[in-house]
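Have the sequence and the coordinates open as you read.

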Amino acid sequence: MLDSLDRQILRIVQADGRISAVELAEHCGLSPAATGERLRRLVREGYVAGFAARLDPHRLGRSLLIFVEVSLDKTTPDVFDRFAEAVRRVEDILECHMVAGGFDYLVKARVSDMNAYRRFLGDVLLALPGVTETRTYPVMEEVKADAPLPV
C-alpha cells in the first residue's frame, strides 16, 4: 500500500528521473537514506518501471507522428501472436495496442515525413502477418503528449 510520501516520491521522479537523492530527500522532508530506501522499494515492487531520457523526435528527423488502425484477416490466437511478434521487431512502431471495436490493433509510429510513411505503409505495415486493412491518421498537432500518470 502506498502512503502519501511514496506517492510524492513517485510524482517527483516521474517528472525528473535524474533528480539527485539529496534533492529528492529535501522535497520529501526525509533523510537521503530514508528517501533512497523508499525509492529502492518502489522500484523493487514494480511501481517504477524504469528510467529513460525523452528525446526530441523533430531533432532526430522523425517529425511525422501517425496512428494506424489495423484489421487482421482472422482473430485467432496464432494470427495475433504472429502479428505481435512481427510488430515488436519494427523500430518505427512506438506503440501497438490490441483494442476492442471495429478494428484489431492501434499502432503509433514516427517517421520522417509523408513519403517515408508511404514506404512504411507499403513495405512494412501491409506486409505484417494477417493485415488486411489499415486506416491512417497523421497527427497535425500534439496537444498533450508524455503526460505523467496521476499518482
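A polar contact here is a pair of N or O atoms within 3.5 Å; within protein, one atom must be able to donate a hydrogen and the other to accept it. Keep in mind that this is a predicted model.

**His97 and its surroundings**

With that cut-off in hand, look at strand E2, where His97 is found. The side chains of His97 and Glu95 are joined by a polar contact of 2.9 Å. Leaving out residues up to four places away in sequence, His97 touches Asp104, Tyr105 and Leu106. Ala84 is 13 residues from His97 along the chain, and their C-alpha atoms are separated by 9.4 Å.

**The sheet**

Strand E2 belongs to an open sheet of four strands, ordered E2-E3-E1-E4 with antiparallel pairing. Because E2 and E4 stand at the edges with a single partner strand each, one side of each has no neighbour in the sheet. From one strand to the next, the twist averages 20°. Seven bridges link E1 and E4 in the antiparallel sense, and Val68 stands opposite Thr136 in E4.

**Helix H5 on the sheet**

H5 lies across E1, E2, E3 and E4, and runs at about 20° to E1. Within H5, the residues Ala116, Tyr117 and Phe120 are buried. Why do the buried residues of H5 line one face of the helix? Seen down the axis of H5, they fall within an arc of 100°, so they line one face. An α-helix has 3.6 residues a turn, so residues three or four places apart point the same way. The face of H5 turned away from the buried side carries the exposed residues Arg118, Arg119 and Asp123. At the start of H5, a side-chain oxygen of Asp113 comes to within 3.2 Å of the backbone nitrogen of Asn115.

| Strand | Residues |
|---|---|
| E1 | 64–72 |
| E2 | 93–98 |
| E3 | 105–111 |
| E4 | 131–138 |

**Asp6 in helix H1**

One more residue is worth a visit. Asp6 lies in helix H1, which spans residues 4–15. Asp6 counts as buried because its relative accessible area is 1%, with the cut-off for buried set at under 20%. Setting aside neighbours within four places in sequence, Asp6 is in contact with Met1, Arg38, Arg41 and Leu42.

Technical notes:
Residues are numbered from 1 along each chain as its sequence is written. This is a predicted model: local features need pLDDT of at least 70, side-chain atom pairs count only at pLDDT 80 or more; totals for chains, interfaces and linings use all residues. Side-chain values use heavy atoms; hydrogens and water are left out. Helices (H or I, at least four residues) and strands (E, at least two) are DSSP runs, numbered from the N terminus. Buried means under 20% relative accessible area, exposed over 50%, partly exposed in between (1.4 Å probe, protein chains only). Contact means heavy atoms within 4.5 Å. The arc is that of the directions from the helix axis to the C-beta atoms. Two strands pair if DSSP finds at least two bridges between them. Axes are lines fitted to C-alpha atoms, for helices over the stretch in contact, and angles run from 0 to 180 degrees between N-to-C directions.
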